[in-house]
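Dear colleague,

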Amino acid sequence: MPGTAPEGGAALELRDVAKSFGSVAALRSGSLSVGPGSIHALVGENGAGKSTLVKIVAGVRRRDSGVLRLHGEDVDFGSTAESKAAGVAVIYQEPTLFPDLSVTENIFLGRQPLGRGRRIDRAAMYAEAERLFAGLGVHIDPRRPAQGLSIADQQIIEIAKAISLDASVLIMDEPTAALSGVEVERLFAVARGLRDEGRALVFISHRFDEVFELCDTVTVMRDGEYVSTDAIAETSVPQIVSRMVGREVAELFPKTPAEIGDVVLEVEGLSSLGTFHDVSFSVRAGEIVGLAGLVGAGRSEIARAVFGVDRYDAGAVRLAGTPVPARSPRSAIRAGMAFVPEDRRKQGLVTDASVARNVAAVIRRGLSHAGLLTNRDENRAAGPWAGRLEVKTSALDMHATTMSGGNQQKVVLAKWLATEPRLLIIDEPTRGIDVGTKAEVHRLLSDLAGQGMAILMISSELPEVLGMADRVLVVCEGRITAELPRDEATPEAVMHAATATVHHTAEGISA
Amino acid sequence: MSDALLVEPSAASPTRRVLGGLLRSREIAVGAVLVLVIVLTTIKSPSFLFSSDGWRDLLLTPALLLILAAGQTVVIITRNVDLSVGSTLGLTAYFTGRLFSDHPHLPIIAVVVLGLLFGAVLGLVNGVLVALFKVPALVITLGTLYIYRGIFLTWAGSDRINAGDMPQDFLALGTKAIVTIPVLTIVGLVVLVAVGYYLHTARGGRELYAIGSDPDAAVLYGLPVTRRIVGAFVLCGALAGLAGVVYAARYGTVSSGAGLGMELQAVGAAVIGGVAIFGGSGTVWGAAIGAFLLVTINRALPVVGISDFWQRAVVGALIIAAIVLDRVLSARQQRRLVAAREETRTLQMRGGA
């Protein structure tokens, strides 16, 4: 029911705000009304448009249409500086600090206390930072560099920044995603204190227990659209979940059962300082294993380490029983691995080259005659693959940059399939792809598994993981916290495991 | 102990903090190498330091590079680079000479200011191109390097500025000294102190570091990124202009080869002095010591009897060593900071459970 917050007195108000990136509508109709002295939850699946909405309020993006009001006045932020000046502070999911500068400078940059002759008064600045940290009840050395701080500490610094800015609207985009129990409690205490000072807070989270503990109102979004706003006291978790999902999981993600064969990938005790710890799992032929977890849990990092892009400190990777050397994507490819990265434009495609050249890129060694590679060879090799994947490009020499996200993804897939891999690692297979093409990508993955390929799929979209995966591994803070077979993988079970350490420590404290 | 200083500097006493910071600083390390070079060369040939010419040359030769390196540092800190400073220097030096010969009645100070402004305009062109077209500064300033040099060649033709074209008082600046310290070196030091003071104590200076440290975060933070970067290029150009004036005073003649290759020396000096080529860290003090070291090594090696080829190789090795050292040190620092965080986190968890 919209309009729970008083219409006129809202600190922040959005009505029917829309924003598209090319042909993809990230936000169709976003609405939100937050009153002063209130903590307002904004929930929705990944891709529901929450982050785009936040970016519009923050001045990072400009809306295409709709109303944006701050304290009753129409505003239009062209830059983050403007929104900041108007009293909006945003704490992003992944804080953006300057690693080379000290913690204190990160807080006060651009508005440092000035002493004589407009010189920065460092003593006053450090004292003020100490005061802020004391007020927040945390112990961070104001003189140390921001480099190497944990996400929790970085978030505290962002909050200190917001407080010292005296922001009237504070937006926190999944601030608890990477926090431990103690840190979450600390953050909540701070948030309540800010609410009691009459500030308006927007809290974006996937964790319903936190939403119900902290917030007073909740707005649900789905597929870039506003769904509902309710007072927390008058709603329940199942009600919110059904509104968030709003569709049957099974319809969209048709994984057909395939014959599960021998173990293809074995990962044992993989560790990398500060990113993931003691990760062990296996993937069998014909099996799709889903790697689920919150953003920043370390899923992509694990995949990159397995493929040999990133280093790891300990552990072993074996493909069909043969050890795969660390830090060598070339040997990983030779051993039979394929890796479709998350950001396909940056890491997966040469966007300025033709489809054929992209597809043939990985196998060009096998194609060349006496070291020379002709367009004809490339086209001949690429043809069957592109055809099989139904890449909709009129000719193979069309440039990859002009294609839609879905077709680009297919080109990346075709490129890797041409190497005839035994294991396919795919990170966020359908990010930025419209719904129709999504189903095609899913059908394709299902077919590949049916032909006996082992697939490791990373996805932040819970329905996708639940629909596609034969087995779900849940990663939380760099550790695998649950391994769920298909029939046990419910949204609740996955979410519980994705926030597992938090619950553990929280229970530990109270005990 | 060094770990504690890194992770929790406030726990240490102010003296220890300052002392520890100094001992670990790149400036001191490069400074020690410089002293070593001077001492070794002086042992081999005492006149390198103790003759009056030796002493003067030691201080005077680096003056030009000092000014260029200070400006270059400001640009590199923002994760950019200015390769056109050598051409800017040459063009301004010629401009200075022409001012004197075409308008003999202009006061010297006016010519100095005009030279500075002229350089600033050339820097502005760089800055606007870089900020407007979002093209890497490396490419833009490589272009203006040739354009400025081309303008210089066209303008000067076969003409050159001779000592006779410039007033005696101006040329005297090139040889005059105050308490045995050459005036031009004093000019360089004043520039250095001014730039260093700005970078350390002004909001704008700190923002330059922030922009170089993480350009995307700087935009999200709402820093005036474009304005700051243009400002850095203007300052760098102005200092290159000043260096051009100094060049005219020092050498008395300006031919079309003036300042050729100086841009790479300026970048080299900054890198040797610990200014990170990826921006965000480093000081003008380091760059200045780097400039002294670069120039002094070039003068010392012939004295010690090392051939021309090896002189260049040594300078090259020094630059590569400096960059490798930077990478190793910053990787080590990052790992130590992360390790320290893991430790406290484990402690917290254990303490909680």
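**Findings**

In strand 20 of chain A, A:Ala482 is the residue that stands opposite A:Val474. Please note that the model is a predicted one. Strand 19 (residues 471-476) and strand 20 (residues 479-485) of chain A run antiparallel and are joined by six bridges. Two residues lie between these strands in the hairpin, where A:Glu477 takes a positive phi near 50°.

A further point in chain A concerns A:Leu423, which is found in strand 17 (residues 423-427). A:Leu423 counts as buried because 23 other C-beta atoms lie within 10 Å, the cut-off being 20 or more. Leaving aside neighbours within four places in sequence, A:Leu423 is in contact with residues including A:Val264, A:Leu265, A:Val283, A:Gly336 and A:Leu456. Between A:Leu423 and A:Ala320 there are 9.7 Å in space, C-alpha to C-alpha, although the two are 103 residues apart in sequence.

As to the nonpolar cores, the largest has 164 residues, and among the members that touch the most others are B:Ala70, B:Leu239 and B:Ala288. Helix 14 (residues 225-251) of chain B contributes the largest share of this core, 18 residues. A second, separate core has 67 residues, among them A:Val283, A:Val411, A:Met468 and A:Ala498. Returning to chain B, B:Ala70 touches B:Val191, B:Leu192, B:Val195, B:Leu239, B:Val284, B:Ala287 and B:Ala288, with residues up to four places away in sequence not counted.

Yours sincerely

Technical notes: Residues are numbered from 1 along each chain as its sequence is written. Chains are lettered from A and ligands numbered from 1 in the order in which they are written. This is a predicted model: local features need pLDDT of at least 70, side-chain atom pairs count only at pLDDT 80 or more; totals for chains, interfaces and linings use all residues. Two strands pair if DSSP finds at least two bridges between them. Helices (H or I, at least four residues) and strands (E, at least two) are DSSP runs, numbered from the N terminus. A nonpolar core is a set of buried Ala, Val, Leu, Ile, Met, Phe, Trp, Tyr and Cys residues joined through C-beta atoms within 7 Å. A residue is buried if 20 or more other C-beta atoms lie within 10 Å of its own, exposed if 12 or fewer, and partly exposed in between; C-beta atoms are placed from the backbone. Two residues are in contact if their C-beta atoms, placed from the backbone, lie within 7 Å.
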